[in-house]
Amino acid sequence: VAGNYSSTGAPSCSACEAGKYSGFGASSCTSCAAGMYQAQTGAQNCTFCSPGKSRQDKGATSCEDCRAGAFSDSPGQAECEYCSDSDKYGDEYTSVEGADQCDR
């Protein structure tokens, strides 16, 4: 069953823990990639972090809001981009916590 795994010779399947997933017939669970998360146990896939959020580590159970002064403008970002570090934004741009863009 998707979201569960069974080691060779095991009499039954076990649910994948939060932060991991599996497909049908899996012998182990796979950690969600950076920029993705899974809050539930027994999952068959992971969810992209939404714009304004990111997650650098694998196996996450949630995503984190970008800090004030940073943003992420597309789903599945492992890191937020700082407004002042970007050539296209410059020092005159800022953002609030959880922003999906920099504002002038």
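This is a predicted model: local features need pLDDT of at least 70, side-chain atom pairs count only at pLDDT 80 or more; totals for chains, interfaces and linings use all residues.

Biologist: What distance would count as a disulfide?

Modeller: A disulfide is a covalent bond between the sulfur atoms of two cysteines. The cut-off here is within 2.5 Å.

Biologist: How many disulfides does a search of the whole structure find?

Modeller: The search finds five. Count the bonded cysteines along the chain, and the pattern reads 1-2, 3-4, 5-6, 7-8, 9-10.

Biologist: Which residue does Cys-16 pair with?

Modeller: Cys-16 bonds to Cys-29, with the two sulfur atoms 2.0 Å apart. This pair links distant parts of the chain, 13 residues apart. Cys-16 sits in the loop between strand S2 (14-15) and strand S3 (20-21). Cys-29 sits in the loop between S3 and strand S4 (30-31). Cys-16 is buried, at 0% relative accessibility.

Biologist: What is the handedness of the link between Cys-16 and Cys-29?

Modeller: Look at the angle about the S-S bond. For Cys-16 and Cys-29 that angle is -90°, and the link is left-handed.

Biologist: Where do Cys-66 and Cys-80 lie?

Modeller: First, their bond: the sulfur atoms of Cys-66 and Cys-80 are 2.0 Å apart, and they form a disulfide. Cys-66 is in the loop between strand S8 (64-65) and strand S9 (70-71). Cys-80 is in the loop between S9 and strand S10 (81-82). The pair therefore ties together parts 14 residues apart in sequence. The torsion about the S-S bond of Cys-66 and Cys-80 is about -80°, so this disulfide is left-handed.

Biologist: Are Cys-66 and Cys-80 buried or exposed?

Modeller: Cys-66 is buried, with a relative accessible area of 1%. Cys-80 has 17%. Buried means under 20%, so Cys-80 is buried too.

Biologist: What about Cys-83 and Cys-102?

Modeller: Cys-83 and Cys-102 form a disulfide with sulfur atoms 1.9 Å apart. Both lie in the segment after S10, and the pair ties together parts 19 residues apart in sequence. Cys-83 is buried, with a relative accessible area of 1%. Cys-102 is buried as well, with 8%.

Key
Residues are numbered from 1 along each chain as its sequence is written. Side-chain values use heavy atoms; hydrogens and water are left out. Helices (H or I, at least four residues) and strands (E, at least two) are DSSP runs, numbered from the N terminus. Buried means under 20% relative accessible area, exposed over 50%, partly exposed in between (1.4 Å probe, protein chains only).
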